[in-house]
Amino acid sequence: MSVVFLLLLVIIKIFIFKYIREVFRVKNILKNVPSPSCPKIIGHVSYFKDPKIVLPLLTKTAHEYGGVVKMHIFGKHLLLICDPEKAELVLSSNKLLNKSWEYKFFHRWLGTGLLTSGPEKWKKTRKILTPTFHFQILEQYINVFNSQSNIFVQKLKNHIDSGSFDVYPYVTLLTLDVICEAAMGVNVHAQNNQNSKYVQSVQKMSRIIKRRVISLHKFIDWIYYFSSDFKKEAEALKVLHGYTNSVISKRKEELLRENFVNENKEGKQRMAFLDLLLHAKIDGVPLSNEEIRQEVDTFMFEGHDTTASAVAFSLYSLSQNSLVQTKAFEEQYKLFGDDQQRCATYNELQNMKYLEIVIKEVLRLYPSVFYFGRETIEDIEIDGFLIPKGVHLVTLAYGIHRKPEIFFDPEKFDPNRFLPENNINRHPYSFVPFSAGPRNCIGQKFAMLEMKTILSTTLRRYEILPVENFKPAIAPDVILKSRNGVMISLRKRLVNNNSL
Ligand code: HEM
């Protein structure tokens with residue numbers, strides 16, 4: 001036996017010994033947390049095997065075991081949290097700001113932008129980005145929401161009275177158009193040109209990351225490097241980073257010439273997020289091109305698929321609940337009267353209170369981001385509990401939103417749950433579609449305004465009708481999606497004053 005081989009054997013033994021010792025240490029510290037029985041070595045792998053049932057199964061298990069359940073996969077421990085009080089302890093803690101390991105799948109695309117960065121960088125970036133979501137700035141995006149929503153309803157025209165269709169592809173191009181214009185100040189015309197290389201690469205990256213998340217073997221970097229997806233990822237990233245970098249450079253040059261403003265069609269001055277990033281400084285130093293690129297790409301990812309999923313499930317829910325749809329349209333009629341083609345203003349969007357509770361109920365049942373992962377990087381004590389280093393904390397929004405003690409008959413679609421009088425005694429962490437605490441969604445107000453604009457524009461043009469026997473097959477991809485599409489059908493809305 002060669003010396004090298006012996007050395008390798010010793011290293012492997014030390015590694016395995018350390019690993020086993022750590023597994024037992026974690027197990028011992030967490031011994032009082034309930035856990036369903038499982039095979040010793042592989043652990044609870046079977047719970048995660050079938051994407052069709054993983055979410056209902058984890059929800060049911062966590063509820064049965066009192067809201068927090070311990071699981072392990074080959075000795076790697078996770079705590080599954082389906083209880084608002086425990087979720088608050090995790091999400092509001094300033095000691096638990098590290099995202100869990102699966103967020104690294106985004107690193108090649110998004111680098112360490114706001115979503116994926118560790119606490120130190122995150123704190124500084126969050127501070128400079130928070131003002132970019134001030135309502136005065138959001139107000140400037142209403143024109144973008146309206147003009148893109150108008151293109152969307154035009155695109156849907158072909159489907160009037162012509163049977164069922166999957167609305168998801170239309171919605172995803174719409175939200176991509178919106179976020180491109182808002183984040184970079186450029187119109188990529190995704191709705192009119194879905195063959196654009198940039199648009200295709202964004203969609204390709206989302207699919208590649210999804211496949212990585214659900215294939216156990218691709219978790220390991222060096223195995224992934226040999227897969228065909230790795231090559232496809234490299235191609236997509238070349239297009240994506242190339243595009244963002246060229247927009248940044250062009251904008252930098254323009255700003256030098258035209259003094260930091262961007263004129264929209266009405267001649268009003270508007271600033272894209274990119275302009276604000278080009279203005280920003282951390283500790284007195286402007287952001288580098290690479291830092292700006294990471295933040296813009298983060299907005300591109302976080303800002304389009306999440307919103308697309310919520311809008312598509314909203315259209316589906318409205319199609320299935322005709323009384324809710326009638327009420328939602330009545331609210332629109334009160335605001336717009338016979339002038340149904342008019343664009344909504346910021347104030348009108350704020351006043352769409354019923355539409356708001358409809359969207360909330362959609363996000364309760366179909367939370368686009370269905371879980372939030374954190375990782376302890378040292379032993380941490382929270383509220384008297386010791387959580388050992390290396391534990392994966394999984395806060396399952398999908399499960400919290402289905403706690404029957406909080407949301408009676410949880411699978412029923414009922415926006416009235418969110419009427420102010422029904423909210424009074426509810427724990428603030430029992431509804432967390434945008435997460436909560438310091439690492440909550442920075443874009444939630446933007447998203448609400450965007451979703452309201454899209455739904456308001458659509459409701460005023462069309463009656464959204466159900467498709468017989470269609471039920472979305474919920475898929476826990478990177479974002480919550482439906483494996484069999486989001487099928488609806490459309491009829492032109494005829495406004496009849498007497499019926500309102
Ligand atoms: C319905 C739409 C949306 C939903 C449901 C949603 C949900 C979320 C959730 C749950 C998180 C926390 C993720 C985690 O802890 O892993 C998050 C983070 C984030 N979201 Fe959203 N989001 C939406 C739309 C948007 C939009 C439109 C933007 C940008 C314009 C955006 C930008 C971000 C960013 C940058 C983060 C990282 C925040 C941080 O770590 O400080 N999101 N989002």
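Two rings of Phe, Tyr or Trp (its six-membered ring) pair if their centres lie within 6.5 Å; planes under 30 degrees apart count as stacked, over 60 as edge-to-face and the rest as tilted. With that in hand, select F133, Y141, F145, F273, F299 and F446: ring pairs link them into a cluster.

Some ground rules before moving on. This is a predicted model, where local features need pLDDT of at least 70 and side-chain atom pairs count only at pLDDT 80 or more, while totals for chains, interfaces and linings use all residues. Residues are numbered from 1 along each chain as its sequence is written, and side-chain values use heavy atoms, with hydrogens and water left out.

The structure holds 20 aromatic pairs. Pick W101 and F105, an edge-to-face pair with 6.2 Å centre to centre and 80° between the planes. Is each one buried (under 20% relative accessible area), exposed (over 50%) or partly exposed (in between), using a 1.4 Å probe and protein chains only? W101 is partly exposed at 29%, whereas F105 is buried at 3%.

Now try Y316 and F470: their ring centres are 5.8 Å apart and their planes at 80°, so this pair is edge-to-face. Y316 sits in helix α13 (residues 289-320) and F470 in the loop between β12 (462-465) and β13 (474-476), 154 residues apart. (Helices, H or I with at least four residues, and strands, E with at least two, are DSSP runs numbered from the N terminus.) Y316 is buried at 8%, and F470 is buried at 12%.

**The iron**

Which protein atom is its donor? The single one from the protein is C441 (SG), 2.4 Å away. Donors here are N, O and S atoms within 2.8 Å of the metal (3.2 Å for Na, K and Ca); water is not among the atoms, so sites may look incomplete. C441 lies in the loop between α18 (420-423) and α19 (444-461).

Stay with α19: 16 of its 18 residues are buried, so this helix is largely enclosed by the rest of the structure.

**The sheet**

Finally, show β1, β2, β11 and β8, which form an open, mixed sheet in the order β1-β2-β11-β8. Strands pair if DSSP finds at least two bridges between them. β1 (68-73) and β8 (371-375) stand at the edges with a single partner strand each, so one side of each has no neighbour in the sheet. Six bridges join β1 to β2 (residues 76-81), and the two run antiparallel. To spot one, select M71: its bridge partner in β2 is L78.
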